[in-house]
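Me: I'm new to this one. Can you walk me through it, strands to start with and charged side chains after that?

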Amino acid sequence: LHYLPSAGNFILVQVGDDDSAGSRVNLELLKQGVIVRPVDNYGLPKFLRVSIGLPEENAAFIRALANALAK
């Protein structure tokens, strides 16, 4: 997946090619108990803002993201 480099405690990850990708994947992640932030209000509707967590939290996010993208 494409991402925007960051010096903060989060990354912006492009989760699709259409302008509803961020919202759609965000809803799928919420259904799995994973909270990220859509950034369409910043003009980035294809991206999600993902905070960096503990290794096990990051692994859970990656599993949930794989499931969300498969739908």
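Me: How many bridges join strand S2 to strand S4, and which way do the two run?

Reply: There are 5 bridges between S2 (residues 10-14) and S4 (residues 44-51), and the two strands run antiparallel. Helices (H or I, at least four residues) and strands (E, at least two) are DSSP runs, numbered from the N terminus. Before going on: this is a predicted model, where local features need pLDDT of at least 70 and side-chain atom pairs count only at pLDDT 80 or more, while totals for chains, interfaces and linings use all residues. Residues are numbered from 1 along each chain as its sequence is written, and side-chain values use heavy atoms, with hydrogens and water left out.

Me: Which residue in S4 is the bridge partner of glutamine 14?

Reply: Phenylalanine 47.

Me: In what order do the strands form the sheet?

Reply: The order is S1-S2-S4-S3, an open sheet of 4 strands with antiparallel pairing. Two strands pair if DSSP finds at least two bridges between them. S1 (3-4) and S3 (37-39) are the edge strands, each pairing on one side only.

Me: And where does H1 lie?

Reply: Across S3 and S4, at about 40° to S4. Axes here are lines fitted to C-alpha atoms, for helices over the stretch in contact (heavy atoms within 4.5 Å). Angles run from 0 to 180 degrees between N-to-C directions.

Me: Now the charges. How many salt bridges does the structure hold?

Reply: It holds 3. A salt bridge is a side-chain nitrogen of Lys or Arg within 4 Å of a carboxyl oxygen of Asp or Glu.

Me: Which residues are linked in a network?

Reply: Glu28, Lys31 and Lys71. Lysine 31 meets glutamate 28 at 3.3 Å, N to O. Both lie in H1 (residues 21-31), 3 residues apart, about one turn of the helix. Lysine 71 meets glutamate 28 at 3.5 Å. That pair links distant parts of the chain, 43 residues apart, with lysine 71 in the segment after helix H2 (55-70).

Me: Is glutamate 28 buried or exposed?

Reply: Buried, at 15% relative accessible area. Buried means under 20%, exposed over 50%, partly exposed in between (1.4 Å probe, protein chains only). Lysine 31 is exposed at 65%, and so is lysine 71 at 71%.

Me: What does arginine 24 pair with?

Reply: Aspartate 18, with the closest N and O atoms 3.1 Å apart. Aspartate 18 is partly exposed at 32%, and arginine 24 is partly exposed at 39%.
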